[in-house]
Amino acid sequence: MQLTIPLFHSSGYTPLGRQPAFRDRFSLRRLAGLVVATLCAAGALLWWIDIRWSDEISFTGENQFDQDLRALVEGTTGYFVRDWSLWLGWNNLRYIIENALLHAQLLNRTLVLPAYIYARTCLVDQSVCASVGQQVDRRTYIGTGVDDNLSEEERQGWILPLQMMLDVPHLRRTYGPVVTFAEFLYLTGQDPSQTGQRNGTWDVLHNGDLTYGPIEEGSFDSPSYVRVDELPSAPSSDRDAPLPSDFLRPGDVAGAFNFNSLVADLSHVRRRVYAGRGLDLGDDPNELLASVGYRVVHTFDPADWVVKTPLRPVAQVASESVLRGLREDFGAQTEQILHLQGENHNDRPPAALRFTSSEKISAFASLVLRDVRPPPVYFAIAGRVDHRMRVRTGGRAWMAAHARRGDFVKLGWSGADADVQEQLKHITSKLKIGRETLAAEPPLLQRAGHEQPEALSVPQLGDPFFLATDERDPDARDILRRGGGVLLQDLLEGEDLRDLGAAAHLGDTMSVLAQAVIARAAFFYGNMHSSVSGGAQNMRAAAGWDSRCSLLD
């Protein structure tokens with residue numbers, strides 16, 4: 001099957017044999033492109049075949065993959081589709097996919113993934129990236145208005161298959177019922193070469209002959225209620241029975257809520273109830289709170305809602321009367337296609353809902369950390385980069401940081417860090433904290449569940465550190481290097497570039513590689529407002545690092 005997403009091929013960066021690094025000098029890049037265009041083109045083709053293996057099926061209805069795919073879908077009620085915010089960067093879109101996986105699971109449906117994404121950064125001449133993926137002006141091509149204030153160069157995008165960023169075969173093995181957009185079209189008797197709406201909204205023309213049910217944007221969540229995965233079971237106590245004078249009463253809990261707030265932190269409720277009535281809610285307050293019409297709900301630390309890391313769960317309390325279960329509201333619908341409409345991403349926690357048990361929120365965290373990951377090539381290269389960093393540090397463990405520049409500087413979100421030298425000082429001061437943390441507790445160098453072939457020693461003062469950054473200015477990059485930072489481009493060699501193929505030209509894909517490298521660092525410092533740092537944190541948690549080995553602010 002051939003999608004209309006263009007086949008991409010590679011030219012531009014040189015493998016440079018066993019040279020230690022390639023630098024960002026234009027003349028070197030141009031020479032590299034002339035020398036290795038043919039070699040990299042072959043590598044890109046191998047990449048394409050590798051990431052698209054689930055699409056490379058003979059749609060005859062006779063092969064085993066076809067039968068397995070149909071069995072996967074037939075085990076669910078139908079399809080779950082949604083409007084994808086394709087104008088966002090990959091990490092934000094990944095959050096939305098994670099949420100959609102949960103929602104489809106709750107509703108016993110097969111998730112239909114988006115057909116493609118838009119890469120937003122070209123690291124070489126844009127004419128080279130145009131050979132990687134179809135080049136478009138996002139302002140006119142997507143038409144959402146979010147790119148209207150960007151320059152023509154900044155508005156450019158390149159259409160890439162989703163499988164370039166997401167390991168779909170792994171997702172299907174560990175999670176289950178999920179299909180690509182092309183597979184959905186094939187399974188429903190439609191032309192699988194179609195790619196859907198440019199802005200990611202679901203086109204009802206793709207419903208084919210299937211029955212269709214929309215979940216309107218205002219029906220998913222609302223300021224007037226609390227969306228949860230499913231409603232909790234009824235309490236065992238009799239609410240109509242008279243309560244002893246020293247027992248918990250509804251007013252004791254209501255007083256802990258701020259005006260117009262539908263939730264209150266459980267820790268705050270505990271303090272207010274104890275201060276007001278001298279009552280201790282105990283280790284498990286669920287039954288006691290349920291007896292007066294309140295429930296414990298679970299979400300993640302609001303400080304992490306921007307980066308959407310599911311690593312710090314917190315318990316809250318809400319009135320049972322304002323809870324709305326996703327499973328109860330939409331799980332009984334029998335339409336073959338259930339469509340979540342609109343934008344349901346911003347200003348919401350990971351999962352875009354709360355959970356009614358600690359077991360369920362833990363299961364969602366496992367879904368994010370275990371099931372959603374990039375293709376294997378990124379991890380293979382990251383392993384080689386890890387070795388090269390240890391060579392630079394004399395065999396010691398090494399640390400990593402993320403310096404978000406680009407849009408953060410332009411939009412004024414960097415504060416004093418807008419100056420690259422000030423940001424470098426900030427980073428090195430935080431890495432000093434990391435070095436002290438590791439020195440105080442060397443066992444932190446051992447990742448949970450991972451056997452290390454050799455014991456690593458603590459990083460020393462003056463050791464170089466890995467620095468992921470979107471800074472493009474050569475002078476600024478030299479400042480970061482002189483301050484001890486080792487950039488990704490300084491560590492890649494010919495075999496890495498051959499494995500990456502065309503992906504080496506795009507900032508979006510190279511950012512994923514940088515995250516995979518960060519996942520191997522003994523300590524990481526990042527920006528708590530950057531989704532790149534958030535994605536790196538997820539990979540680090542999946543890799544078994546202790547939470548004390550990271551710092552985001």
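In helix H14, Tyr378, Phe379, Ile381, Ala382 and Val385 meet Thr509, Val512, Leu513, Ala516 and Val517 of helix H19, contact being defined as heavy atoms within 4.5 Å. By class, this contact of H14 with H19 comprises nine nonpolar residues, one polar residue and no charged residues; Ala, Val, Leu, Ile, Met, Phe, Trp, Tyr, Cys and Pro count as nonpolar, Asp, Glu, Lys and Arg as charged, and the others, Gly among them, as polar. The model is predicted, and local features need pLDDT of at least 70, side-chain atom pairs count only at pLDDT 80 or more, and totals for chains, interfaces and linings use all residues. Residues are numbered from 1 along each chain as its sequence is written, and side-chain values use heavy atoms, with hydrogens and water left out.

The axes of H14 (residues 376-392) and H19 (residues 507-518) come within 8 Å and cross at roughly 55 degrees. Helix H14 is therefore oblique to H19, where angles under 35 degrees count as roughly parallel, over 145 as roughly antiparallel, 65 to 115 as roughly perpendicular and the rest as oblique. Axes are lines fitted to C-alpha atoms, for helices over the stretch in contact, and angles run from 0 to 180 degrees between N-to-C directions. The crossing of H14 past H19 is right-handed, a term applied if the near helix is turned clockwise from the far one by less than a right angle, with anticlockwise giving left-handed. Helices (H or I, at least four residues) and strands (E, at least two) are DSSP runs, numbered from the N terminus.

Parallel pairing characterises an open sheet of five strands, ordered E16-E15-E14-E17-E18; two strands pair if DSSP finds at least two bridges between them. From one strand to the next, the twist averages 25 degrees. Strand E17 (residues 523-526) runs parallel to E18 and is joined to it by three bridges, and Tyr525 has Leu551 in E18 as its bridge partner. Helix H17 (residues 474-482) packs on this sheet through contacts with strand E15 (465-469) and E16, its direction making about 130 degrees with that of E16. Helix H20 (residues 531-542) lies across strand E14 (399-403), E17 and E18, and runs at about 160 degrees to E17.

A further open sheet has three strands in the order E9-E11-E10, with antiparallel pairing. Its edge strands, E9 (263-265) and E10 (294-300), each pair on one side only, and the twist averages 40 degrees from one strand to the next. Seven bridges pair E10 with strand E11 (residues 313-319) in the antiparallel sense; Val296 has Val317 in E11 as its bridge partner. Helix H10 (residues 266-277) packs on the sheet, touching E9 and E11, with its direction at about 75 degrees to that of E9. Helix H13 (residues 358-371) lies across E10 and E11 and runs at about 15 degrees to E10.

Asn108 is placed in the loop between helix H3 (90-106) and strand E2 (110-112), and is partly exposed, with a relative accessible area of 38%. Asp347 lies in the loop between strand E13 (337-340) and H13, and is exposed at 75% relative accessible area. Buried denotes under 20% relative accessible area, exposed over 50%, and partly exposed in between (1.4 Å probe, protein chains only).
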